[in-house]
Amino acid sequence: AWAFEEMIVAVVNDEAITMSEMAGSSVFPFRSLSFLIEKKLQLQIAKKKGVSVQPAEVSDALNDIKRMNSFKSDDEMKDALLKEGYSLEEYKSEVTEQITLLKLLNREIKSKISVSDKESEDYYLSHQGSFLLPERIRIGYIYIPLKISDTPDIVEAARNNINIILSNLKHNLSFAEIKKKHSEFPQVYFIEDLGYIKRGDLMPELENIAFSLTAGEISEVISTPSGFYIINLIDRKKIEYKSFEEVKEIIREAVFQEKSERLYKEWLYNLKSFSYINIVINI
């Protein structure tokens with residue numbers, strides 16, 4: 001078993017990648033050979049350039065991981081790692097390597113990237129479909145709920161009540177006036193302004209009717225399995241695009257990420273080109 005684990009899979013400059021490095025664990029699962037070669041190259045460059053990680057940085061990262069996983073103590077995290085086949089020291093080593101790589105990429109890639117207003121504007125124009133705001137409506141509604149167990153008499157009383165309310169609305173009584181007038185009926189809900197909603201926010205029985213109304217129009221009584229509704233369409237916003245100013249920061253981050261990925265690929269390609277890489281066992 002020892003000989004298999006220590007079998008050399010590849011040589012990267014003056015360092016070997018062994019079979020045990022590829023095995024990983026359930027915490028850091030099986031890694032491809034290309035991933036390990038790239039990682040080894042980057043760690044070698046980080047060492048040459050003096051990229052270091054302080055114990056306090058590793059400690060802070062472990063504390064963040066502990067909080068995210070709701071571990072109450074170091075021992076609890078240690079036990080969880082052991083169950084996954086990883087020791088705490090091995091985990092710390094992996095975390096240290098990850099921080100090292102992040103620092104290296106920040107220095108070699110991200111620190112050399114800037115995003116101009118012109119680039120952001122060009123991205124906005126070419127990706128405008130990503131910033132589409134769907135048609136939205138602003139509604140109020142009146143609702144009398146029903147239960148499956150309600151008797152026919154209760155259902156009929158609710159139907160009569162909602163029809164009276166609709167008649168009042170058609171005679172130009174306001175929601176506030178109708179609410180006051182029907183205050184003796186506790187099972188009537190008056191929502192004067194639900195705010196803006198898009199398709200998919202309402203149940204289908206309500207949505208199709210709500211979106212067919214014009215601003216200021218009141219629907220007929222809508223019967224649903226959960227009760228009776230009347231919808232008032234307050235306002236409608238047609239399909240529109242978010243303004244550039246609204247999404248400027250999102251765009252800047254997207255352009256920055258695209259440039260980062262492109263520069264990273266170029267940097268990694270050059271790194272491989274000027275390195276000695278010998279794959280002993282092609283896996």
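Helices here are DSSP runs of H or I with at least four residues, strands are runs of E with at least two, and both are numbered from the N terminus. Met-77 lies in one such run, helix α5.

This is a predicted model, where local features need pLDDT of at least 70 and side-chain atom pairs count only at pLDDT 80 or more, while totals for chains, interfaces and linings use all residues. Residues are numbered from 1 along each chain as its sequence is written, and side-chain values use heavy atoms, with hydrogens and water left out.

Is Met-77 buried or exposed? Met-77 has a relative accessible area of 3%, so it is buried.

Which residues does Met-77 touch? Contact means heavy atoms within 4.5 Å. Leaving aside neighbours within four places in sequence, Met-77 is in contact with Leu-62, Ile-65, Lys-66, Phe-71 and Leu-88. Met-7 is another matter. Met-77 and Met-7 are 70 residues apart in sequence, and their C-alpha atoms are 31 Å apart in space.

## Helix α4

Helix α4 covers residues 55-68. The expected span of a helix is 1.5 Å times one less than its number of residues. With 14 residues, α4 reaches 20 Å from its first C-alpha to its last, close to the 20 Å expected.

The buried residues in α4 are Val-58, Ala-61, Leu-62, Ile-65 and Lys-66. They lie on the same side of α4 because they cover an arc of only 140° around the axis. The arc is taken from the directions that run from the helix axis to the C-beta atoms. These buried residues pack against α5 (74-83) and α6 (88-108). On the other side of α4, Arg-67 and Met-68 are exposed. After the helix comes Ser-70, with a positive phi near 60°.

## Helix α8

Helix α8 spans residues 152-170. It has 19 residues and reaches 27 Å from first C-alpha to last, close to the 27 Å expected. Its buried residues are Ala-158, Asn-161, Ile-162, Ile-165, Leu-166, Asn-168 and Leu-169. Seen down the axis of α8, they fall within an arc of 160°, so they line one face of the helix.

What covers this face? The cover of the buried residues includes β4 (136-145), α9 (175-181), β5 (189-198) and β7 (227-237). Pro-152, Asp-153 and Lys-170 are exposed on the other side of α8. Just after the helix, Asn-172 takes a positive phi of about 70°.

## Salt bridges

Side chains of opposite charge can pair when their charged atoms come close. A salt bridge is a side-chain nitrogen of Lys or Arg within 4 Å of a carboxyl oxygen of Asp or Glu. The structure holds 20 of them. The table gives some examples.

| Pair | N to O distance |
|---|---|
| Asp-64 and Arg-67 | 2.2 Å |
| Lys-92 and Glu-89 | 3.8 Å |
| Lys-259 and Glu-119 | 3.0 Å |

Asp-64 and Arg-67 are three residues apart in helix α4, so about one helical turn separates them. Asp-64 is partly exposed at 37% relative accessible area, and Arg-67 is exposed at 58%.

Lys-92 and Glu-89 both lie in helix α6, three residues apart, about one turn of the helix. Lys-92 is partly exposed at 30%, whereas Glu-89 counts as exposed at 54%.

Lys-259 forms a salt bridge with Glu-119. This pair links distant parts of the chain: Lys-259 is in helix α11 (residues 244-273), Glu-119 is in helix α7 (residues 117-126), and they are 140 residues apart. Glu-119 is partly exposed, at 30% relative accessible area. Elsewhere, salt bridges that share partners join Lys-39, Glu-94 and Glu-97 into one network.

## Ser-120 in helix α7

Ser-120 is also placed in helix α7. Its relative accessibility is 3%, so Ser-120 counts as buried. Not counting residues up to four places away in sequence, Ser-120 touches Val-115, Phe-244, Ile-251 and Arg-252.

Terms used: Buried < 20%, exposed > 50% of the residue type's maximum accessible area, 1.4 Å probe, protein only.
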